[in-house]
Amino acid sequence: LETVNILGTPVHRLTMAGAIQEIERRIKSGGRHQIVTANPEILYSAHHDPSIRQLLSEASLVTADGIGVVWAASILGKPVAERVTGIDLMADLLARAAKQGWPCFFYGGKPGRKEASPEEERSVAEEAARRLCDRFPGLQIAGTAHGYISASEQAALHLQIDAAKPRLLFVGLGAPRQEQWIRDFFRATTLNDIVAIGIGGSLDVFSG
Ligand code: UDP
């Protein structure tokens, strides 16, 4: 795959359709794959933080997320056709997951409120799951978790995800935290057929 180096990070020169094709291939071929939609904030933090630079260099796919990134690629003489954002990738991957029977897990967003109305009782991830199951009939949600658990609850979350065995894991904690979380999860998990992708605030969008 062709890349363009932006602030020290190789970004893949893919269209939306190309990115989906590459991700689908990885889901089918197995293994652990981290997908990063690189916005200017991530690329900027990578520029200053070697651990994030390392993470990006080890990611399976890094797409150009944001018009500034697309613009930078053009200036560098290696244009990228279009933005490939987390929310667009997620919508497209969920449509495929529903058809192919790939179980999905959503992690991130605000927790539900106890003793509230039924709608408010659901976490953002649960509400997004409910709406997305309506939108994509056949979609299997392997599980959800809200994004405000403490460090001491992380081990339990890892076990929850391991037990749920998702093929697709969507993580919405904001960048670059979600990318660091995926890296750490991949170091800890026993799952080996999984594609994980950081999606920023997409669960908020899908939930309301
Ligand atoms: N979030 C979370 N846990 C946190 C902080 C943030 O789950 O400790 C969620 C927040 O609820 C929101 C998302 O992360 O759904 C961040 O969205 P934002 O639009 O800021 O991220 P971006 O798309 O800019 O990366």
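Predicted model: local features only at pLDDT ≥ 70, side-chain atom pairs only at ≥ 80, totals over all residues.
Where in the chain is the place of Leu 7? Leu 7 sits in the loop between strand S1 (3-6) and strand S2 (9-12), where strands are DSSP runs of E with at least two residues and helices are runs of H or I with at least four, both numbered from the N terminus.

Residues are numbered from 1 along each chain as its sequence is written.

Leu 7 is not a glycine, and yet its phi is positive, at about 50 degrees. Leu 7 counts as partly exposed because it has 17 C-beta neighbours inside 10 Å; with C-beta atoms placed from the backbone, 20 or more others within 10 Å make a residue buried, 12 or fewer make it exposed, and partly exposed lies in between.

Lys 165, in the loop between helix H8 (154-164) and S7, also has a positive phi, near 50 degrees, in a residue other than glycine. Lys 165 counts as partly exposed, because it has 14 C-beta neighbours inside 10 Å.

Turning to the backbone elsewhere, the peptide bond from Ala 175 to Pro 176 is cis, with omega near 0 degrees, and Pro 176 lies in the loop between strand S7 (168-172) and helix H9 (177-188). Most residues other than glycine have a negative phi, and most peptide bonds are trans.

Finally, in strand S4 (residues 61-64), Leu 61 and Thr 63 point one way while Val 62 and Ala 64 point the other, and all are buried.
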